[in-house]
Amino acid sequence: MKLNIEGLLVYFPYDYIYPEQYSYMLELKRTLDAKGHGVLEMPSGTGKTISLLSLILAYQKAYPLEITKLIYCSRTVPEIEKVVEELRKLIEFHCKETGEANNFLALALSSRKNLCIHPEVSALRIGKEVDGKCHSLTASYIRAQRLSDPSLPSCRFYEGFDAIGRQVPLPPGVYNLDDLKEFGQKKGWCPYFLARQAILHANIVVYSYHYLLDPKIADLVSKELTKKAVVVFDEAHNIDNVCIDSMSVNITRRTLDRCTSNVETLQTTIQRIKETDAAKLKEEYRRLVEGLKEANVARVTDVYLGNPVLPAEVLQEAVPGSIRTAEHFVGFLKRFLEYLKSRLRVHHVVQESAPQFLKDIFQKVCIDRKPLRFCAERLRSLLRTLEISDLTDFSAITLISNFATLVSTYSQGFTIIIEPFEDRTPSIANPVLHFSCMDPSIAIKPVFERFQSVIITSGTLSPLDIYPKILDFRPVTVASFTMTLARTCLCPLIVGRGNDQVALSSKFETREDFAVIRNYGNLLLEMSGVVPDGIVAFFTSYMYMENIVASWYEQGILENIQRNKLIFIETPDAAETSMALEKYQEACENGRGAILLSVARGKVSEGIDFVHHFGRAVIMFGVPYVYTQSRILKARLEYLRDQFQIRENDFLTFDAMRHAAQCVGRVIRGKTDYGLMIFADKRYARADKRGKLPRWIQEHISDGSLNLTVDETVQMSKHFLRQMAQPFRQEDQLGLSLLTIEQLESEEMLKKISQMAHQA
Amino acid sequence: MASLSEEVLLVLKKVRQRKQDGTLYLMAERIAWGPEGKDRFTVSHLYSDIRCQKISPDGKAKIQLQLVLHTGESSTFHFSNDSSALTDREAAKDLLQQLLPKFKKKANKELEEKNRMLQEDPVLFQLYKDLVVSQVISAEEFWANRMSTTNTENTLSDKKQDVGISAAFLADIRPQTDGCNGLRYNLTPDIIESIFRTYPAVQQKYGENVPHNLTEKEFWTRFFQSHYFHRDRISTGALDIFSECAKQDEKGLKSMVVQGVKNPLVNLLSLEDKTIEEGYGFSAAASTSNPNRTGKENSNSAIIKRFNHHSAMILAAGSRRGDAPNDQASETSSTDGNSRDSDLFQPPIKKVKLQEAIDYLDLQREDGPKTVALNLKKSDRYAHGPVPLESQKYTTSQDIINSITCIRHEMANYVPNLAQVLTSSAVSSAIAALSPGGVLMQTGTQQAINQMVPSEVQGELKHLYIAAGELLRHFWTCFPVNSPFLEEKVVKMRSNLERFQMTKLRPFQEKVQRQYLSANITGHLEEMLQTAYNKLHAWQTRRMMRKI
């Protein structure tokens, strides 16, 4: 259908539309008009992606000078592929309606692991190995060496791309990962490098968060992307953690050992080159004297995306003399390593800030702040000069140099914690230096600064005001949309008590309480007899799940559950869990029914959907608080309190509730779907917890379902499931939660929709 | 006496039956008992009549063996030989145990099969009544080519009766204490079968060890004592014969894991696009190292592994029989499509799953007839004739309903186009021609039969048709007559047909005539019979000619 969104003609590739989709597009259009950032929450399964794509595509077509590119970031590879497929559908529809040939280029980009077509390299399958092998075949000086020695192995796909592919732009169309591979195979070009190049002139790019947020990768891939772009972070509820992860560094004794051997290799290589080709080192020296002017020019003229590891001051200055020659730099690194080793020899926990660390290092080994800051850049230059092919071997020294640059650049937002042993095993020495980022805004800042509009969206972003706070940006639109429903297809229930009136809770004091564990078991057992097909249960942590499963096993509860359904359990091993998942789906498919025991914050809770019969009920055992005893977390909480005035408890609850919402949200993937959401902890009934759930879940929690016993829950579930089992046709939805174009354009409906958006 | 020629397998003296001492004989095909000093058997049961045997529990004063027959009767034998009563009983029991299943299988399997077919298929039953019970043809003739054609069918129906395994079958083996520090497990054949089906490794062990190394009882005792059964217990040592099973399972599990999953959407390994490199990330430290797990944690994770494995095995056992060929088909298709990433075939399953994941069914208009695109892989094959490549669903019932509603809808909205009508004279002549008795309707004057005759006559007619069809089928299968057996049969079939005509068709015709005007509803039947006679006649004359 064709929609009129405040004067913009939007092609929407379906015959009907949900009211909230329309409303979402309205808000999105306003954000784009204002050239600002937005935070939009809309339940999963209400067609968020297609609304986003339809509107932005229309906007791009209507105002090609305002927005030249859409950068769509998602989390997982299947998600990325899904987005591209939806895009394909949209563009096909667009062409059919307008009768024009498609002139848009849209593509997905992923790591070499998913794009390589070289038969030997792609067979490695593990990301790091593929990258390393690829690098050893395609690095520029290796190829230069090959000119003199043709017996060296090469990658014919890269050579093909380099010879012809660079000049020929990718023809317009929609390219998913497999399409790229097919295209590459046909032409004999490397799909990975083809895609890397094509994203510069593509209209729509779909890739994972890391390509924008991780400075190490962003610098390689995304820094030349145009400023007039819309960036969308989908499934963005965990974006702060991604940011922090990409900026934090952990150093163990093993890292340092590997560094030492790295440094030795460097030293011998330098020695060798000095004897054979001293001119090369001289040339490098000259370059370093000139400084990093080039990069500086580029940033000033706004060609590049900023890199938080390469601070602006570094660009204006020349590399300090003390580390300019290769030998001096290696010596410098050695000193730095020795210092770190001495720091790891502590017997008690140390926590200090970056300036304290710098002061200490200056006093002890006379290392200044300034050369430290150039460390990362200097190492990169050296590695390039020394022509070292397999960079994966040098990951340890790269890590250390990145750490050096970060610690000397940011006086705030980071903390250093040195732990001589793990908390659980105090007798075994395993010293770790955590250099942890506490401020997610550092990593994402360049993105907000560079791009015209950044949209953060997800099914669960509540409470909405916290994201702009912790990411430190000012959105022009903040909105939450609910799901309009013709029948209430979700049924959130809070179970607070067992049948014996024992309060159910996963809080620390009652964790080992047999009465609670037994009642949890009873709940699962009863539900397994009532709910058809699949049930997913989430525990707060892996340890907790292991203990509960063991005691359920001893008490014979699992045996009784097995009478009703098969049991599958998530394990720490991803391959094993994948198999369990597939078997779980098979069991749901063939009618036997199954239960999946899983962990909140685990891979399953983050990446797997349980549509329709794959999940008719989800049970959340306990409130998934993060492990609060960790020092890193404590430091982060303190930082949040001091910098953003967010109280510790508020943040912890927010974090726990967003994970709980993620878990329970896995079962509802659309309006024809239905599912029970059982929160098995009495603490969910409290207003401060409940209030942090997304609005579309919250509004279905009635006062009567706040503190149920197991029996009451079973009764209510039975009632709900019986209702849901009735046939549900399209006509039932029409006019309420599903609109035709005529219905959409009626006065009354438009009024309703505008009200809906205002509530947010 | 017939028993003289029988092979006697076991003779047991001092066995009482109904308080009378006597001797128990176990023979090749029956079990018999005769009172002491007499030369005849007062009790004699064919093995095939025996449903099961029961024994008195150990430790009871009377050592007895009871045989329960299919008819529900039972006879009890009391072993009263003081010194060897127990061993006698055991001997009898063991021998019976071996013999009974053999006979059970044999026990008129065919008859049962026929019986089942008749019960399942009412039409066949009616036919049987019409033809066999009324002695038009003999039962053997009736079944003669029935069985061969149905053999394939009944294998199919066998499959559908495959019952899955309860997930909790191990839990159903409840140990009971026997009061003196021991445990008793009760195993039924069902449970044993479940164990074997779920854990083929155990079955293999069973095959290897029983009965040469261990008795059955010992085998199961060890099974229940083993580390294998109680997976949460930490290993008991290498002596355990099941430790190998555990290893095999482990291997199986590993190979399953290595094989990976077919559905890319649940593959957690390929979920992450770019894993955080080693050393980065704030949560990395927590999971880096836990080399020293305590014993308890170890056993916990063993339990978890075991549940996953157990569930997977049960699922596999359920599907192993049914889709064995299917599985292979998908296996081969995946090897040429998706086995390696390097060859660039689009993994079809991935495409399908992705499409499924992005479809919003309720946003699309429901109607619009679904069509199946003609997909010709080899067009020459298509041109040469229809070869059923694979069973494809062409119309779902939903489609049919849709099209009916579609037609209904069109009919309701039918608006005659008044500009394009025939002249009245043309119309009236057309109507006349199409009315009963008109020019165009002469060949098909019959009105629909359901308007002419009451339902019971219709039913009778239907039966007649079926019976005639069956007979004619027999008749026509004789052609071409190329063996003396067929010659004989064809003549016999002719007489069968005639008999059918006399005993069945005539009375029916008369009945119809009595009730109605000469409604020629049996005309077609007679026509068919006549064709058959003609054929036979032609054949006979040709044969005569040749002979002369």
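Is A:R601 buried, partly exposed or exposed? At 29% relative accessibility, A:R601 counts as partly exposed, where buried means under 20% relative accessible area, exposed means over 50% and partly exposed lies in between (1.4 Å probe, protein chains only). This is a predicted model, in which local features need pLDDT of at least 70 and side-chain atom pairs count only at pLDDT 80 or more, while totals for chains, interfaces and linings use all residues. Residues are numbered from 1 along each chain as its sequence is written, chains are lettered from A and ligands numbered from 1 in the order in which they are written, and side-chain values use heavy atoms, with hydrogens and water left out.

**Chain B as a whole**

- Chain B has 20 helices and nine strands; helices (H or I, at least four residues) and strands (E, at least two) are DSSP runs, numbered from the N terminus.
- Of the 548 residues in chain B, 33% are buried.
- Chain B exposes about 35,600 Å², and 54% of that comes from carbon and sulfur atoms; accessible areas come from the Shrake-Rupley method with a 1.4 Å probe, and for residues only the protein chains shown count as cover.
- Among contacts (heavy atoms within 4.5 Å) in chain B between residues at least 6 apart in sequence, 50% join residues at least 24 apart.

**Where chain B meets chain A**

- Chain B gives 75 residues to the contact and chain A gives 98 residues.
- The two chains, B and A, bury about 7,900 Å² between them, with 56% of it on carbon and sulfur atoms; buried area is the accessible area (1.4 Å probe) that two parts lose on being put together, summed over both.
- Four residue pairs (both at pLDDT 80 or more) are in polar contact across the interface of chain B and chain A. A polar contact is a pair of N or O atoms within 3.5 Å; within protein, one must be able to donate a hydrogen and the other to accept it, and residues adjacent in sequence count only if both atoms are side-chain atoms.
- On the side of chain B that touches chain A, the elements giving two or more residues are α5 (169-172), α9 (243-259), α10 (284-288), α11 (295-322) and α13 (348-358) of chain B.
- The largest share of that side of chain B, 16 residues, comes from α11(B).

**Salt bridges**

- Over all chains, a search of the whole structure finds 46 salt bridges.
- One of them joins the side chains of A:E606 and A:R75 (2.2 Å, N to O). This pair links distant parts of the chain, 531 residues apart: A:E606 is in helix α29 (residues 603-607) of chain A, and A:R75 is in the loop between β4 (69-74) and α3 (77-98) of chain A. Both A:E606 and A:R75 are buried.
- The side chains of A:R112 and A:D131 also meet in a salt bridge (3.5 Å, N to O). A:R112 lies in helix α4 (residues 112-115) of chain A and A:D131 in helix α6 (residues 127-138) of chain A, 19 residues apart. A:R112 counts as buried because its relative accessible area is 15%, and A:D131 is buried at 18%.
- In chain B, the side chains of B:R494 and B:E498 form a salt bridge (2.7 Å, N to O). These two residues, B:R494 and B:E498, are four residues apart in helix α19 (residues 484-515) of chain B, so they are separated by about one helical turn. B:R494 is partly exposed at 26% relative accessibility, and B:E498 is partly exposed with a relative accessible area of 29%.

**A nonpolar surface patch**

- B:L422, B:V427 and B:I431 form a nonpolar patch on the surface, with about 280 Å² of accessible area together. Patches are made of residues with over 30% relative accessible area and no salt bridge: like charges are joined within 9 Å, and nonpolar side chains (Val, Leu, Ile, Met, Phe, Trp, Tyr) within 5 Å.
- B:L422 sits in the loop between α15 (397-412) and α16 (424-434) of chain B, and it counts as exposed because its relative accessibility is 63%.

**Backbone details in chain A**

- A:R601 is not a glycine, yet it has a positive phi of about 75°. A:R601 lies in the loop between β18 (594-599) and α29 of chain A.
- A:Q645, also a residue other than glycine, has a positive phi near 55°. A:Q645 is in the loop between α30 (631-644) and α31 (648-665) of chain A, and is exposed at 59% relative accessibility.
- The peptide bond from A:S462 to A:P463 is cis, with omega near -10°. A:P463 is in the loop between β13 (453-458) and α24 (466-471) of chain A.

Methods
Salt bridge = Lys/Arg side-chain N within 4 Å of Asp/Glu carboxyl O.
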